[in-house]
Structure formats: structure tokens, C-alpha cells
Amino acid sequence: MKRSDLVADTAITLLAERGMRGLTHRAVDEAADLPPGSTSNLARTRAALLELTLSRLTELELQALGGAYVSDSYELAHLPRLMAQALHVQLMDRRRTLARYELALEATRRPELRTIYDQAGRRFRDPAVAMLAAMGSADPVAHARNLVAFGEGLMFDAIAGAGSVPTPQELEDALSDLLTGMLRPGDQRTSGSTSRS
């Protein structure tokens, strides 16, 4: 593993376990069993450490969720299952999701981190827009925003709220209802073909 990944992965764990106040260069060195000063050599300032951590977190989340957005042909019959699987993976890694909440709140106070956080968000929203447009959404931008908001709200409720963690089948059923409402039967189509019921 690259040292930058080790530092960022350790920072993610510290954010989840101790919150923003618990994330320091020294704490990362100690938790990662690195020589003192190693994290500072890689990310000299706290802002640099947060940026490194957010970049790594985005990379890990894209690995978990990206498969649901990448396809040669989007079909409503299969998409809810793919998205449910991706969301369930995300829900099972509380560490990663809690760290993202910490970074999201910190981004409201740090304009430089806000810029990076928003750029990271577009890496999920833009493919969702393209996917929904390919499926015949009448308003893919609004529908993508609603789809992302659904996933975010569900994760927050299960991890930081009062809700329980839904099963993959419960996720699939909920996503099926949501997508079916967005893509009414007369509008459903796959990229390169149109189907009506």
C-alpha cells in the first residue's frame, strides 16, 4: 500500500472513531505505526491532510458505488438491484460513512475543503444525471439530485439517525419504487432502445 493511502485510510478511521478533533498528524503517525513526522512530510498542513483524506475517501466510495452507474445499457429491471448492492456495501462500512459526515461538516467552515467536497460530489451526481437521461428521465438533473438525496438520507438515518440498517431487498424495493416514479412507464427506455408498457 502506498504511504499516502495508508495515511489517508488511517485518517478516515480516526475521523470515524474520534471525530474531527481527534485527527492530528501525530495521531495518524501513531495509529499507522509510522515514524514521527511521516504524516507531516506527506501533508504539511491540517488542510492538506483533510484534502488527502477526502480524496482517498472519494476514491473508496467510487469503488463501492461506481458499478451501479456504469453500464452499456441501463434497464429499470436491473438497476435497483445494482444500486441496492452498492448502497448496502456503503452502509456496512460505518467507518467510511462517518468519516464523510465529519468532512462534510468541516467543509461548511473551510472554503478550500468545500471546493474539493463539491467536486467529489459531482463525480457521483454527473453519472447519475447521464444514467437517468439515458433511461428517458424527463428531468435528469432534478431526478439525479433526488436519487442522491434518497441515498444520502437513507445512509444518515441508518448510521447516525434512529433508523435500522435496511436489508439489500428492502433497499432494492425502495429504489425500485423511487425509480419507477421518476421513469413512468411511458418514459422508460434503455440507451439505444425504447420500451413501453
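Predicted model: local features only at pLDDT ≥ 70, side-chain atom pairs only at ≥ 80, totals over all residues.
Visitor: Which side chains meet in a salt bridge at 3.7 Å, N to O?
Guide: Aspartate 5 and arginine 56 do. A salt bridge here is a side-chain nitrogen of Lys or Arg within 4 Å of a carboxyl oxygen of Asp or Glu. Residues are numbered from 1 along each chain as its sequence is written, and side-chain values use heavy atoms, with hydrogens and water left out.

Visitor: Okay, and where do aspartate 5 and arginine 56 lie?
Guide: Aspartate 5 is in helix α1 (residues 3–18) and arginine 56 in helix α4 (residues 46–65), so the pair ties together parts 51 residues apart in sequence. Helices are DSSP runs of H or I with at least four residues, strands are E runs of at least two, and both are numbered from the N terminus.

Visitor: Is aspartate 5 buried or exposed? And arginine 56?
Guide: Aspartate 5 is buried, at a relative accessible area of 14%, and arginine 56 is buried too, at 10%. Buried means under 20% relative accessible area, exposed means over 50%, and partly exposed is in between, with a 1.4 Å probe and protein chains only.

Visitor: How many salt bridges does the structure hold?
Guide: It holds 11 salt bridges. One of them joins arginine 114 to aspartate 118, with the closest N and O atoms 3.1 Å apart. Those two are four residues apart in helix α7 (residues 111–134), so about one helical turn separates them. Arginine 114 is partly exposed at 29%, and aspartate 118 is partly exposed at 33%.

Visitor: Which residues do shared partners join into one network?
Guide: Asp5, Asp9, Arg56 and Glu59, through salt bridges.

Visitor: Back to α1. What covers its buried residues?
Guide: The cover includes α2 (25–31), α3 (38–42), α4 and α6. Among the buried residues of α1 are Val7, Ile12, Leu14 and Leu15. Helix α1 has 16 residues and reaches 22 Å from its first C-alpha to its last, close to the expected 22 Å; the expected span is 1.5 Å times one less than the number of residues. Glycine 19 follows α1, with a positive phi near 80°.

Visitor: Switching to packing: at what angle do α4 and α7 pack?
Guide: About 10°, with their axes 10 Å apart. Axes are lines fitted to C-alpha atoms, for helices over the stretch in contact, and angles run from 0 to 180 degrees between N-to-C directions. That makes α4 roughly parallel to α7. The cut-offs are under 35 degrees for roughly parallel, over 145 for roughly antiparallel, 65 to 115 for roughly perpendicular, and oblique for the rest.

Visitor: Which residues make that contact of α4 and α7?
Guide: They include Leu50, Leu54 and Leu62 of α4 and Ile116, Tyr117 and Phe124 of α7. Contact means heavy atoms within 4.5 Å.

Visitor: And how do α5 and α6 pack?
Guide: Helix α5 (residues 79–92) and helix α6 (residues 94–107) pack at about 80°, with axes 5 Å apart. They are therefore roughly perpendicular to each other. Val89, Gln90, Leu91 and Met92 of α5 make the contact with Arg94, Arg96, Thr97 and Arg100 of α6.

Visitor: What does arginine 96 form a salt bridge with?
Guide: Aspartate 93, with the closest N and O atoms 3.2 Å apart. Arginine 96 and aspartate 93 are both buried.
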